[in-house]
Amino acid sequence: MDAKKQQISYNLAVNIQNKLIKRYGIKKRDGDKIYYSFPKPKMLINADLKSIGVSRRKEEYIKEICKEVLSGNLDLNILENISREEVFEILLPFKGIGKWTIEHIMLRGYGRYEFIPYQDLFFKRLCKENNIKDLDNYG
C-alpha cells in the first residue's frame, strides 16, 4: 500500500474512532468543554457499529474481543505495563488485529511511544517531509 492510501486509511480509522467515542463513550463536561471516554466493552457488545462506518466483519471482530474482555479471558489493563513483545503475543491471535492496529491502539490509547510505527509508509513520508532521518535504526 502506498503512503497516500495508507494516510486515507489512517484518517478513516481516526474518523471512525472519533464517531465511536462520541456515540458510545461517556460524556464529561468541564466548563464549556466536552470530553468523551473510550467506550467500555459492555457498551459496544450490542452497539450498531455499522451505523458509524465499521464494516460487518470488523464489527464481528470488535464484538468478539469485547466478549473476551467481558468473560475475563482478556485483561486490557495489563497492556499498559507489559513489554512490546508481550502485547503482540496477546493481541495478534485475535482476528482483525494486526501490527498496525496494535501500534495505533498502544500509541494513541496507552501513550506508549515504543509503538511508534517506524516502518509505516505514511509515518516515513511525514518524516521525510520534515527532514527527519535515520529511521532505519528503529522498529
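This is a predicted model: local features need pLDDT of at least 70, side-chain atom pairs count only at pLDDT 80 or more; totals for chains, interfaces and linings use all residues.
Colleague: Why is Phe-88 called buried?

Modeller: Buried means under 20% relative accessible area. Phe-88 has 12% relative accessibility, so Phe-88 counts as buried. Its place is in helix H4, residues 84–91. Leaving aside neighbours within four places in sequence, Phe-88 is in contact with Pro-93, Lys-99, Ile-102, Glu-103 and Phe-115.

Colleague: What makes Phe-88 and Phe-115 an aromatic pair, and why is the pair called tilted?

Modeller: Ring centres must lie within 6.5 Å. Here they are 5.9 Å apart, so the rings pair. Under 30 degrees would be stacked, and over 60 edge-to-face. The planes of Phe-88 and Phe-115 are at 35°, so the pair is tilted. The count of aromatic pairs comes to one.

Colleague: Which parts does the pair tie together?

Modeller: Phe-88 lies in helix H4, and Phe-115 in the loop between H5 and helix H6 (121–129). The pair therefore ties together parts 27 residues apart in sequence. Phe-115 is buried, with a relative accessible area of 0%.

Colleague: How do you know that Glu-103 forms a salt bridge with Arg-84?

Modeller: The nitrogen has to be within 4 Å of a carboxyl oxygen. The closest N and O atoms of Glu-103 and Arg-84 are 3.4 Å apart, so the pair counts. Glu-103 lies in helix H5 and Arg-84 in helix H4, so the bridge ties together parts 19 residues apart in sequence. Both residues are buried.

Colleague: Which residue in helix H5, four residues apart from Glu-103, also forms a salt bridge with Glu-103?

Modeller: Lys-99 does, with the closest N and O atoms 3.5 Å apart. Glu-103 is buried at 6%. Lys-99 is at 40% relative accessibility, between the 20% and 50% limits, so Lys-99 counts as partly exposed.

Colleague: What joins Lys-50, Glu-59 and Lys-63 into one network?

Modeller: Salt bridges that share partners join them. One of these bridges is Lys-50 with Glu-59, the closest N and O atoms being 2.8 Å apart. Lys-50 is partly exposed at 46%, whereas Glu-59 is buried at 7%.

Terms used. Residues are numbered from 1 along each chain as its sequence is written. Side-chain values use heavy atoms; hydrogens and water are left out. Helices (H or I, at least four residues) and strands (E, at least two) are DSSP runs, numbered from the N terminus. Buried means under 20% relative accessible area, exposed over 50%, partly exposed in between (1.4 Å probe, protein chains only). Contact means heavy atoms within 4.5 Å. Rings of Phe, Tyr and Trp (its six-membered ring) pair if their centres lie within 6.5 Å; planes under 30 degrees apart count as stacked, over 60 as edge-to-face and the rest as tilted. A salt bridge is a side-chain nitrogen of Lys or Arg within 4 Å of a carboxyl oxygen of Asp or Glu.
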